[in-house]
Amino acid sequence: MIALVDCNNFFCSCERVFNPALQGKPIVVLSNNDGCIISRSEEAKALGIPMGAPLHEQQEVIRKHDVQVFSSNYTLYGDMSARVMSILREEVTTIEVYSIDEAFLKLTGNFDEEMARALRAKILQWTGIPVCIGIGSTKLLAKIANRHAKKNKTLTGGVFDLASYWDPEGILADTPTDGLWGVGKNLAQRLKGMDITTALGFQQADPAAIRTSMGVVGERMLRELNGISCLELEEVPPDRKGVMASRSFGSPVETLEELEEALANHVARASEKIRRYGLLATRLEVFIKTNRFRKDDPQYSRGIAITLDRPTNGTAELMAVARELLQRIYRPGYRYKKTGVQLVHLVDEDAYQPGLFDAPKANRIDLDKIIDEINRRLGDPKNPVITRASQGTQRSGSGGKGWQMKAERHSPHYTTDWNQLPEAKNSVI
DNA sequence: TCTGGGGTCCTAGGACCC
DNA sequence: TCTGGGGTCCTAGGACCC
């Protein structure tokens with residue numbers, strides 16, 4: 001059995017913990033740029049404020065009903081999350097922290113609905129955060145149970161065990177496919193085309209038909225609905241594939257200088273993040289885009305990536321590369337809305353051995369060359385603008401967990417010569 | 001006028017390699 | 001007219017998640 005513990009209106013609940021006067025009042029929490037509403041209290045939901053709604057579209061309701069509006073405070077939410085998770089860890093040995101406000105628990109034989117109710121009360125008492133708990137024989141069924149618990153809180157008291165319920169099919173029949181975990185707008189539409197609109201219909205569908213129209217993803221969900229576990233509990237989160245830092249501009253930006261300034265911030269944040277994780281990046285990507293909501297504006301969206309000749313997490317050298325990349329894709333005459341950077345092909349700093357780094361010969365950016373170039377242009381030789389980042393721990397001998405990158409084949413996208421970087425394609429739509 | 005950020009996985013076509 | 005097969009890596013975009 002699997003339990004899904006999900007915090008209710010998590011960000012709003014966190015704000016209330018530190019301001020109990022907000023109890024019972026409609027409140028919302030905003031996205032990063034204060035652009036969208038990403039968390040709503042029950043009272044705010046009752047006013048018809050939709051999830052993800054742009055703030056400016058809701059100003060009327062907010063004013064009329066005196067809805068309290070908060071900018072997001074991720075430090076606070078992360079801290080509250082850690083408190084909730086630590087309580088869960090005391091309860092069971094196997095737990096997957098799925099997101100900031102959700103965790104799957106692997107239940108041992110004696111864990112029943114009553115224990116779940118006690119756990120829920122304990123979390124509320126110790127942290128002030130209300131949660132709902134759903135129990136099922138697979139992750140997907142636990143998700144469905146959780147949804148039912150949340151939708152019928154007065155009836156369920158926030159806890160629902162689908163596995164021991166007398167009429168599980170009734171619950172599935174009550175769950176629309178577009179409320180299913182893993183089914184978005186598109187897959188819901190595809191299912192509708194097969195006359196499937198509820199989880200029950202999905203559960204009883206022909207496996208071959210599901211396989212054909214939805215591929216392995218659909219088949220996995222079908223099995224999970226039938227109590228055959230296909231999604232394992234991941235106790236240890238898999239290695240991170242990449243780190244991104246991006247922001248939208250409050251008002252459109254047109255000059256290269258403004259984009260560079262923003263990008264410098266993003267590179268600083270991204271590199272700081274990988275240093276904290278003890279990682280090095282071997283590849284860097286920069287992108288810029290115009291405002292897709294302004295249909296009348298000419299649109300431009302482009303990204304460019306480059307493989308580095310050695311892994312690094314040094315802010316200055318990554319910034320130098322990012323700036324060069326930005327110049328390659330920047331086109332004047334557009335109103336830019338967003339820019340960002342991605343550090344990918346991450347390597348564990350401790351496992352990295354320079355001798356083992358089999359970087360491509362022709363298709364790479366020579367970091368030192370760039371650094372020298374920039375220092376020559378901007379700096380005084382005794383006092384370089386940019387210095388090389390440390391290269392991690394040099395290991396002796398061949399023992400230990402060596403990291404080896406597969407040699408890359410020649411590709412026209414990569415060159416050591418900046419002047420030979422590919423011209424931006426005409427992306428005007 | 002204003003409409004988030006950070007992820008994963010998948011697909012498809014082109015370039016390239018052997 | 002017909003014109004390999006199998007693989008990787010690239011870019012770009014879609015779909016989904018919270």
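Is Arg276 buried or exposed? Arg276 counts as exposed, because its relative accessibility is 54%, where exposed means over 50% relative accessible area, buried under 20%, and partly exposed in between, with a 1.4 Å probe and protein chains only.

Good morning, colleagues. The structure above is a predicted model, in which local features need pLDDT of at least 70 and side-chain atom pairs count only at pLDDT 80 or more, while totals for chains, interfaces and linings use all residues. Residues are numbered from 1 along each chain as its sequence is written, chains are lettered from A and ligands numbered from 1 in the order in which they are written, and side-chain values use heavy atoms, with hydrogens and water left out.

I begin with the charged pairs. Side chains of opposite charge can pair when their charged atoms come close. The criterion for a salt bridge is a side-chain nitrogen of Lys or Arg within 4 Å of a carboxyl oxygen of Asp or Glu. By that rule, the model has 17 salt bridges.

Arg276 takes part in one of them: its partner is Glu272, with the closest N and O atoms 3.0 Å apart. Both residues belong to helix H12 (residues 256–276) and are separated by 4 residues, about one turn of the helix. Helices here are DSSP runs of H or I with at least four residues, strands are runs of E with at least two, and both are numbered from the N terminus. Glu272 is partly exposed, at 37% relative accessible area.

Glu219 counts as buried because its relative accessibility is 18%, whereas Arg223, at 40%, counts as partly exposed.

The next salt bridge joins Arg335 to Asp297, at 3.1 Å from N to O. This pair links distant parts of the chain, 38 residues apart: Arg335 sits in the loop between helix H13 (315–329) and strand E12 (336–348), and Asp297 in the loop between strand E10 (279–290) and strand E11 (301–312). Arg335 is partly exposed at 31%, while Asp297 is buried at 17%. Elsewhere, salt bridges that share partners connect Glu42, Lys45 and Lys153 in one network.

I turn to the elements around those loops. E10 and E11 pair in the antiparallel sense over 8 bridges, two strands being paired if DSSP finds at least two bridges between them. Within this pairing, Glu285 stands opposite Ala305 in E11. Why is E11 described as largely enclosed by the rest of the structure? The reason is that 10 of its 12 residues are buried.

H13 has 15 residues and reaches 21 Å from its first C-alpha to its last. Its buried residues include Leu318, Val321, Leu325 and Ile329.

Finally, consider strand E1 (residues 2–7), where 6 of 6 residues are buried. Ile2, Leu4 and Asp6 lie on one side, with Ala3, Val5 and Cys7 on the other, and both faces are covered. E1 pairs antiparallel with strand E7 (residues 131–136) over 6 bridges, and Val5 stands opposite Ile133 there. A further 5 bridges join E1 to strand E6 (residues 102–106), again antiparallel, with Asp6 opposite Glu102.

Methods
Expected span 1.5 Å × (residues − 1).
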